Amino acid sequence: MTENEHFSTGLIVGRFDPPHLGHSHMIEQALERVDHLVVYVNSSFAHDTVPGELRGAWLADLHPSAEVRVVRHDLATDWNDEELWAKWIALFRAHWPYDEGPHAVFSSDSYVSPLADRFAATAVSVDPNRAAVPISATEIREEPAAHLDKVAPPVRQWIESNWLAS
């Protein structure tokens, strides 16, 4: 794969709990390299900090050129479990809106290659060291007040009203 390779379809998978400017950077980088980008917002009632539909709505508003889909599930995450991988791929395929693809899978996380391999897609790593926007959703959940500058205004307002007001 060349650094400037262009793809018909691309996929980004994540919890985005909450979405931050690093996620936006990755989405914008992917949008530059695909004709159609689908963003899956994984949502689990048992593990969501911010409701999945709200995370999906924020991302759809922030990135109107991407197709954002909330994917509800009750699956665990274990990259060493092939049966679990098969369930994840079946779930993702059930939500995929096109006849073909994805042709590329974008992520800053290490699971990008095994996920892309299972789709017979190209893995595209976007800022794996998080140099462009040095933040993770975990850091925001652990210290929301310290990282308000790393989230978009609607996310910031929600954090201030729901996490910091109590």
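Start by selecting Trp 88, which sits in helix H3. Helices here are DSSP runs of H or I with at least four residues, numbered from the N terminus, while strands are E runs of at least two. Before moving on, note that this is a predicted model, in which local features need pLDDT of at least 70, side-chain atom pairs count only at pLDDT 80 or more, and totals for chains, interfaces and linings use all residues. Residues are numbered from 1 along each chain as its sequence is written, and side-chain values use heavy atoms, with hydrogens and water left out.

**Stop 1: around Trp 88**

Trp 88 is buried, at a relative accessible area of 5%. Buried means under 20% relative accessible area, exposed means over 50%, and partly exposed lies in between (1.4 Å probe, protein chains only). Now show what touches Trp 88. Leaving aside neighbours within four places in sequence, Trp 88 is in contact with Asn 42, His 73, Leu 75, Ala 76 and Thr 77. Contact means heavy atoms within 4.5 Å. Pick His 73 next. His 73 and Trp 88 are 15 residues apart along the chain, and their C-alpha atoms are separated by 9.1 Å.

**Stop 2: H3 and H4**

Select residues 82-95 for H3 and residues 112-119 for H4. Their axes come within 11 Å and cross at roughly 65°. Axes are lines fitted to C-alpha atoms, for helices over the stretch in contact, and angles run from 0 to 180 degrees between N-to-C directions. H3 and H4 are therefore roughly perpendicular to each other; that label covers 65 to 115 degrees, with under 35 roughly parallel, over 145 roughly antiparallel and the rest oblique.

Show the side chains. From H3 come Glu 82, Trp 85, Ile 89, Phe 92 and Arg 93, meeting Pro 114, Leu 115, Arg 118 and Phe 119 of H4. By class, this contact of H3 with H4 has six nonpolar, no polar and three charged residues.

**Stop 3: H6**

Go to H6, residues 153-162, and select its buried residues: Val 155, Trp 158 and Ile 159. They cover an arc of only 100° around the axis, so they lie on the same side of H6. The arc is that of the directions from the helix axis to the C-beta atoms. Then turn to the face away from the buried side, where Gln 157 and Ser 161 are exposed.

Finish on Arg 156, also in H6. Arg 156 is partly exposed, with a relative accessible area of 26%. Beyond its neighbours within four places in sequence, Arg 156 is in contact with Leu 148 and Val 151.

Conventions
Nonpolar A, V, L, I, M, F, W, Y, C, P; charged D, E, K, R; others polar.
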